[in-house]
Amino acid sequence: MLPPTILSIAGSDCSGGAGIQADIKAISALGSYAASVITAVTAQNTLGVQSVYPIPADMVKAQIISVMDDLQPDAVKIGMVHDAGIVTVIAGCLKKYCPEFVVYDPVMVSTSGRCLMTEETIRAIKVELFPLCTLVTPNLSEASLLWGQVITDTVEMQQAARELSGRYNTAVLIKGGHLEGNNMCDVLYCQQPSAGADDLPSRCILYSTQKIESRNLHGTGCTLSSAIATFLAGGSKLDEAVRKAKEYISTAINQGKDMNIGHGNGPLWHFPLSE
């Protein structure tokens, strides 16, 4: 019995809390094999990002080919991609190798609200990458950017998820971690209706949980998308994979909330705590 192989295509976080490092931790903690393709080397820590060095597109392509030709991953998770040339390379490789599952966490907007991509890169992602994905997982700020208006509640989240799904021919999970109030709600819009009817309620699934008070949330989006890709590769249907991934990340947040790793927004704890 071989465990599923998951390929993460993302940036490197030298502090270990997000990016490739978080992806490898999550995939490994869930019992699968993690491979990685690095799109950028960053100097960052729990206090912020100090510097970014993009990897040349031809080297990103060479890494993907090396992994795909030999390991033949069951699923691909995509994270930090902020160069249009790298977008084109990734899209070309996805078309060539046709992995069964592709989960993309579009790291487009910083926590402070600053756009992290040029218009050219965002345009390339919309045209070339989104239609090749099984699932796209924007947060509220990223979904608002893609939708073209600010999203403030779960009704607008459902409307945005439906429109984005139709526009880009992919399932969409909008993460509502920054909604006002004590509850957090994520909205999944599937292209195939769960109840067999072509209407908004049948295609939308809402995942509501109570917010966990913690300053240690570094790498949450990376971890969630990696966990979803891992559960999809393990045979779970999309809605089930999202549910399992959210349960996993809630545990990881709970386990890390009282830790003091770094002096700022610390990481989750991806592995079971020892007794």
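1. Helix 9 covers residues 238–256, 19 residues in total. At 1.5 Å a residue they should span 27 Å, and the end C-alpha atoms are 27 Å apart, which agrees. The expected span is 1.5 Å times one less than the number of residues. Helices (H or I, at least four residues) and strands (E, at least two) are DSSP runs, numbered from the N terminus.

2. This is a predicted model, in which local features need pLDDT of at least 70 and side-chain atom pairs count only at pLDDT 80 or more, while totals for chains, interfaces and linings use all residues. Residues are numbered from 1 along each chain as its sequence is written, and side-chain values use heavy atoms, with hydrogens and water left out.

3. The buried residues of helix 9 include Leu238, Ala241, Val242, Lys246, Tyr248 and Gln255. Buried means under 20% relative accessible area, exposed over 50%, and partly exposed in between (1.4 Å probe, protein chains only). Among the elements that cover these buried residues are helix 1 (19–29), strand 7 (171–174), strand 9 (204–210) and helix 8 (220–233); contact here means heavy atoms within 4.5 Å.

4. Helix 8 has 14 residues and reaches 20 Å from its first C-alpha to its last, close to the 20 Å expected. Of its 14 residues, 12 are buried, so helix 8 is largely enclosed by the rest of the structure. Just after helix 8, Gly235 takes a positive phi of about 110°.

5. How many cavities of 30 Å³ or more does a search of the whole structure find? It finds one. A cavity is a set of points on a 1 Å grid over the protein atoms alone where a 1.4 Å probe fits but cannot get out; lining residues have an atom within 4 Å of a point. The volume of the largest cavity is about 40 Å³, a volume being the space filled by probe spheres set on the points. Its lining includes Phe130, Val136, Pro138 and Tyr168. By class, seven lining residues are nonpolar, one is polar and none is charged.

6. Asn139 sits in the loop between strand 6 (135–136) and helix 5 (140–147). Asn139 is buried, at a relative accessible area of 18%. Its side chain reaches the backbone nitrogen of Ser141 at 3.1 Å.

7. Gly262 belongs to the segment after helix 9 and is partly exposed, at a relative accessible area of 35%. Leaving aside neighbours within four places in sequence, Gly262 is in contact with Thr46 and Arg215.

Technical notes
Polar contact = N/O pair within 3.5 Å; in protein donor to acceptor, adjacent residues only side chain to side chain. 1 Å grid on protein atoms, 1.4 Å probe; cavity = no way out; pocket = protein on both sides within 12 Å on 5 of 7 lines; lining within 4 Å. Nonpolar A, V, L, I, M, F, W, Y, C, P; charged D, E, K, R; others polar.
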